[in-house]
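Please look through the structure below before reading my comments. They are written for someone new to reading protein models.

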Amino acid sequence: MKQLMKRLESLLEKGGAKKEIALLVISGVSLLVSLTGWNPFPFHLAWISIILCGVPILLEAVIGLVTAFDIKADVLVSIALIASVCIGEDFAAGEVAFIMQLGGLLEDLTVARARAGIEKLVHLTPQTARLIADGTEKIIPAEEVPVDALLRVLPGETVPVDGVIISGQTSVNQAVMTGESLPVDKTVGDEVSSGTVNQFGAFEMRATKVGEDSSIQRMIRLVQSADAGKAKIVGLADRWATWIVVIALTAAALTWLISGEIIRAVTILVVFCPCALVLATPTAIMAAIGNATKHGFLVREGDALERLASVTKITFDKTGTLTYGTPRVIEVISITDELADTDLYRLCASAEQLSEHPLGKAIVRSYKQGGEAALLPCEGFQMLPGRGVCAEVAGQEILAGNLELLTEKRIVVPDAVLAGTDHYLSQGCTVTYLAVSEQLCGYVVLSDTVREESASMIDALNGLNVQPVLLTGDNERAASAIASRLHIEEVHANCLPEDKLNRIEGYQKKGEAVCMIGDGVNDAPALKKANVGIAMGGVGSDIAVDAADIALVDDEVKELPHLIALSKRMMATIKLNMTFSLTLNFIAIILAIIGTLNPIVGALVHNTGSVLVIMNSCRILRDRK
């Protein structure tokens, strides 16, 4: 089956699924026509199905036995095919071959994969670095940067290696490592990581970790190792194949010896073919995948729902998952009688209207969305990397930025104001101070907004006995504030990619099945390490989606409880299908032993079982919330 699966995956990548379906259609038509008795050919029409569907099964069975003594369901099928042909029961042989290949195709369609996450991560790796040596600048390959080298990074460039800033101020987008959407202000003495993006100011740094030790390379290795360690579920029919083969051959041999009728022995082999057993899992999975698709989930791994049914913990990234990932103004506070809150807001947005900083853009966007008065003209605009902006608005010098900017301009911040802003900072908010003509006039508070459906979704998961856990790269105060609002009891903040992966690995060592939900590049290792990874397909990065087993296409996290409940319903259906198919098989075997069933009737009986299994699986399609 391994070789067959590889062949099918190759065909699927090349559009070959249509060829496989065409062969099955031809085989099915030939069997139906043979039932009518019309046959213009000198051979039985069932031979078309035997050749198109049976020969690949025989080849895979022989290859598996010879190369690895690997006994799977196709071995028993091959025995039944050969026995049926030997006694002239061509129709029974063709029918069994057709059903088995149909089940195999359904199974392989559910596990077809298309992954490029690691390759995309490699593309994020910086290619060059600006080396400063003997007072001159030289561009060299990033992998050749030595430890302690002096490097220069310009605005818009990717940091080539890990290091420490020795001169300059800037803001760095660290989303690739922490997942947080807002850039972080950096100055002399601060650490920077490879793969992060310098946004506004040039700086010089000293390399501390280079080559394979750099942050981006470590994350690539984490993704690779996590994927290799995720166990794949083997088909139940293949898992039980050795015992099925032994029991079938023993029963057939004893029946032949006792009754002296080989036809009874062949009938046992035919009805023992695990057609319904093979169809039990893939048909239920495909029906569940169809249901999940209607609710916005793209299931990229065939056995993902099977793994999801056993999940006991769901770990969430914060930004872009439980929140929208885009900051907005939630409060404007003026501390002077000369400016109303609305006037302060207008001055701040007017000063920021030329800013490229995400916070500045968020202030302007929020102001415009609020339907306020038109922005005032902005002149003499200056971007002050790592601190804020300076501009002239309505004939007044406006400063909008952080505390470092006010300290640099020797603007005093009263203790009462610091106490007020600390209240917001403790809730994970960001504060932009506004000074007019070198006098502090107030501040603007921005915050990432929690998705409206997040709270009810978390409550629903708790109702399904699945514990939510928050794993975020954000600071402790911001993480705790969000968790308390959503009733999440377990919180882990300041998590780098390896921290998230280690947390998940720790849960797994305790015997817990873990589902990870994230949206950023930094979540890719955790998404692969988890028993099931779910990526936010709308706002998430391509790398996160490629690393995940399931993508939530429209980012409607309220659908997550339905997906969990659907997976549990799917597993219950699979167990019912298997119980029914095994029971039917054993009843048919008893009838075959006493001579009530012949090979053709036996094939029809267990194929009827296959149809009933499919019909039961299709009921999952109609499952609602």
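The numbered points below go from the whole chain to single residues and pairs.

1. Overall make-up. This is a predicted model. The chain holds 25 helices and 22 strands. Of its 625 residues, 53% are buried. Taking contacts between residues at least 6 apart in sequence, 68% join residues at least 24 apart. The accessible surface is about 27,100 Å², and carbon and sulfur atoms account for 58% of that surface.

2. Trp47, Ile51, Val55, Leu59 and Ile63 make a nonpolar surface patch of about 410 Å². Leu59 belongs to helix α3, which covers residues 46-68. The general rule for reading such a helix is that an α-helix has 3.6 residues a turn, so residues three or four places apart point the same way.

3. Leu32. Helix α2 spans residues 17-36 and contains Leu32. Leu32 has a relative accessible area of 58% and is therefore exposed. Its C-alpha atom is 9.1 Å from that of Ala46, a residue 14 places away along the chain.

4. Helix α19. Which residues of α19 (residues 454-463) are buried? They are Ser454, Met457, Ile458 and Leu461. These residues lie on the same side of α19, because they cover an arc of only 100° around the axis. The buried residues of α19 pack against several elements, including β17 (439-450), β18 (467-471), α20 (476-486) and α24 (560-593). After α19 comes Asn465, which has a positive phi, near 60°.

5. Tyr433. Strand β16, residues 430-436, includes Tyr433. With a relative accessible area of 3%, Tyr433 is buried. Beyond its neighbours within four places in sequence, Tyr433 touches a set of residues, among them Leu399, Leu403, Leu406, Val417, Leu440 and Tyr443.

6. Cysteines. A disulfide is a covalent bond between the sulfur atoms of two cysteines. How many disulfides are counted here? The count is 0.

7. Side chains of opposite charge can pair when their charged atoms come close. The whole structure has 14 salt bridges. In one of them, Lys313 pairs with Glu490, and the closest N and O atoms are 3.5 Å apart. Lys313 is in strand β11 and Glu490 in strand β19 (residues 490-492), so named parts 177 residues apart are linked. Lys313 is buried, at a relative accessible area of 4%.

8. A buried pair. Lys500 forms a salt bridge with Asp317, with 3.2 Å between the closest N and O atoms. Lys500 sits in helix α21 (residues 497-509) and Asp317 in the loop between β11 and α14, 183 residues apart. Are these two residues buried or exposed? Lys500 is buried, with a relative accessible area of 0%, and Asp317 is buried at 0% relative accessibility.

9. Glu408 and Arg387 meet in a salt bridge of 2.5 Å, N to O. Glu408 is in helix α17 (residues 403-408) and Arg387 in the loop between β13 and β14, so the pair ties together parts 21 residues apart in sequence. Glu408 is partly exposed at 42% relative accessibility, whereas Arg387 is buried at 16%.

10. A network. Salt bridges also link Arg130, Glu137, Arg152, Glu157 and Glu204 in a network.

Definitions and conventions. Residues numbered from 1 in each chain as written. Predicted model: local features only at pLDDT ≥ 70, side-chain atom pairs only at ≥ 80, totals over all residues. Heavy atoms only, no water. Helix = DSSP H or I, 4+ residues; strand = E, 2+ residues; numbered from the N terminus. Buried < 20%, exposed > 50% of the residue type's maximum accessible area, 1.4 Å probe, protein only. Contact = heavy atoms within 4.5 Å. Areas by Shrake-Rupley, 256 points an atom, 1.4 Å probe, with all protein chains shown as cover. Patch = residues over 30% accessible without salt bridge, like charges linked within 9 Å, V, L, I, M, F, W, Y side chains within 5 Å. Salt bridge = Lys/Arg side-chain N within 4 Å of Asp/Glu carboxyl O. Arc of directions from axis to C-beta. Disulfide = S-S within 2.5 Å.
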